[in-house]
Amino acid sequence: MNRRTKIAALAAAALITAGATGSAVASGDGRGGSREAAALTGSAKIYRVASDDVTFSFDAHLAAKDNMNPEAATGTFRFSHYKDGGGGYAVVKVDCLVTGGKVATVTGRVVETDLGRFKDRRVGVSVHDLGKHDRLGYSWVTQDPEKGDVPPCHSPAPFERTRTGTGDFRVLPWQPEYPTE
């Protein structure tokens with residue numbers, strides 16, 4: 001598989017997996033300069049009827065110079081889940097980021113955790129930036145981290161709701177520049 005085909009396949013798989021629809025944005029930063037190629041930032045708590053405290057935060061970026069290589073993304077994301085005095089957290093080093101419209105899919109390798117089953121595993125999260133009612137999905141709901149890694153830029157559709165007032169995810173849409181024929 002050549003590089004262009006691999007990038008297109010990664011982008012298509014991530015957007016299909018996340019249930020995304022694309023939208024157009026200006027290619028500049030609004031001040032006459034160029035902007036980064038894609039980004040996912042912000043944090044939120046997940047809505048749960050029980051007393052669970054589930055939090056996700058993101059600081060993931062794809063530099064303009066790496067526009068055609070989503071696996072050059074950098075940054076981190078964190079997640080934690082606590083209930084009745086138990087639970088844990090993980091810090092993930094980003095290794096792939098694809099965005100489309102208001103949807104992002106990010107993966108990375110767990111570099112710090114107190115949850116043994118996640119240590120050194122690649123996990124994925126998808127986010128739908130809906131303003132104050134953001135949604136997200138995560139790979140370990142469908143794939144046990146102990147059974148292997150998810151592929152780069154893969155995660156289930158954003159099925160979880162954020163708690164009212166906590167959803168502040170921000171997605172910067174990716175605009176790959178494919179050669180014209």
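A residue counts as buried when its relative accessible area is under 20%. Phe118, at 3% relative accessibility, is therefore buried. This model is predicted.

- Strands of a sheet pair through backbone hydrogen bonds, and the pairing can be parallel or antiparallel.
- Strand β3 (residues 74–83) runs antiparallel to strand β4 (residues 86–100), and 8 bridges join the two.
- Take Ser80 as an example: its bridge partner in β4 is Tyr89.

**The disulfide**

- The structure contains 1 disulfide.
- Its two cysteines are Cys96 and Cys153, with an S to S distance of 2.1 Å.
- This bond ties together distant parts of the chain, 57 residues apart. Cys96 sits in strand β4, while Cys153 lies in the loop between β7 (135–138) and β8.
- The link of Cys96 and Cys153 is left-handed, with -105° about the S-S bond.
- Are these cysteines buried or exposed? Both Cys96 and Cys153 are buried.

**The aromatic rings**

- A pair of aromatic rings is described by two values: the distance of the centres and the angle of the planes.
- The count of aromatic pairs is 11.
- One of them joins Phe79 and Phe118, 5.3 Å centre to centre. Their planes are 70° apart, and the pair is edge-to-face.
- Phe79 is in strand β3, and Phe118 is in the loop between β5 (103–113) and β6 (122–128). The pair links distant parts of the chain, 39 residues apart.
- Phe79 has 6% relative accessibility, so Phe79 counts as buried.
- Another pair is Tyr138 with Phe159, also 5.3 Å centre to centre. With 55° between the planes, this pair is tilted.
- Tyr138 belongs to strand β7, and Phe159 to the loop between β7 and β8. They are 21 residues apart, and their pair also links distant parts of the chain.
- Tyr138 is buried at 9% relative accessibility, whereas Phe159 is partly exposed at 35%.
- Which residues do ring pairs link into a cluster? They are Phe56, Phe58, Phe77, Phe79, Phe118, Tyr138, Trp140, Phe159 and Phe169.

Methods
Residues numbered from 1 in each chain as written. Predicted model: local features only at pLDDT ≥ 70, side-chain atom pairs only at ≥ 80, totals over all residues. Heavy atoms only, no water. Pairing = 2+ DSSP bridges. Helix = DSSP H or I, 4+ residues; strand = E, 2+ residues; numbered from the N terminus. Disulfide = S-S within 2.5 Å. Buried < 20%, exposed > 50% of the residue type's maximum accessible area, 1.4 Å probe, protein only. Phe/Tyr/Trp six-rings, centres within 6.5 Å; stacked < 30°, edge-to-face > 60°.
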